[in-house]
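Here are a few exercises to work through with the model open on your screen. Try each task before you read its solution.

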Amino acid sequence: MRNRKDDDAAATEIGYVLTFFLGLMFLTTFSIWTFDIQQATEERWTNEAIQENLREIAEAVERADSVMRLDSNASYAEPVELRLSADIGLGLILILDDEKITMTDFSESRSFSQDISAASSATHSSEVDLAGVQVLWVSLHNGSVSITTQQPGF
């Protein structure tokens with residue numbers, strides 16, 4: 001013979017279990033949603049920092065070109081502080097040629113470019129691994145503009 005109290009207690013327990021699982025489902029959904037928002041924000045900030053780095057490096061290269069136009073025997077060096085200097089996981093490489101500065105990762109899935117005018121007779125050539133780099137040096141020496149991680153010794 002079944003007891004009415006036992007049936008009510010079992011129904012209450014099943015209700016608790018279902019409420020717990022419903023709460024767990026909502027919490028999981030909320031956690032995934034907030035994680036997606038955080039990832040999208042981080043991606044946007046990273047892209048903006050990369051573009052700002054490129055802009056500042058391109059401006060330094062343009063200033064080195066201006067010095068070259070004034071005096072073809074001049075030497076010039078300028079430091080550029082990088083954003084994202086602590087983010088080694090991005091695996092970024094900076095490439096300078098006579099037409100542009102490119103910042104890309106090893107897989108080339110993320111690539112940003114900034115055109116330069118190259119309005120002087122200087123050659124432009126560099127490739128720098130940016131992992132852990134905080135400061136880059138844009139230098140003009142012997143008719144060549146380059147980018148290095150070390151301060152030039154002139």
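**Exercise 1. Find which residues have the most contacts inside the largest nonpolar core, and which elements supply it.**

Step 1: The largest nonpolar core holds 27 residues, and Ile57, Val61, Leu94, Ile101, Leu136, Val138 and Ile147 have the most contacts inside it. A nonpolar core here is a set of buried Ala, Val, Leu, Ile, Met, Phe, Trp, Tyr and Cys residues joined through side-chain atoms within 4.5 Å. Buried means under 20% relative accessible area, exposed over 50%, and partly exposed in between (1.4 Å probe, protein chains only).

Step 2: Two or more residues each come from helix H1 (4-70) and from strands E2 (92-96), E3 (100-105), E7 (135-141) and E8 (144-148). H1 gives the most, with eight residues. Helices (H or I, at least four residues) and strands (E, at least two) are DSSP runs, numbered from the N terminus.

Before going on, a word on the ground rules. This is a predicted model, where local features need pLDDT of at least 70 and side-chain atom pairs count only at pLDDT 80 or more, while totals for chains, interfaces and linings use all residues. Numbering starts from 1 along each chain as its sequence is written, and side-chain values use heavy atoms, with hydrogens and water left out.

Step 3: Now zoom in on isoleucine 101. Leaving aside neighbours within four places in sequence, its contacts (heavy atoms within 4.5 Å) include Leu54, Ile57, Ala58, Val61, Leu94 and Phe112.

**Exercise 2. Decide whether serine 139 and asparagine 142 are buried or exposed.**

Step 1: Serine 139 sits in strand E7. Its relative accessibility is 5%, so serine 139 counts as buried. Its contacts beyond four places in sequence include Tyr76, Ala77, Ser144 and Phe154.

Step 2: Asparagine 142 lies in the loop between E7 and E8. At 67% relative accessibility, asparagine 142 counts as exposed. Asparagine 142 also has a positive phi of about 55 degrees, although it isn't a glycine.
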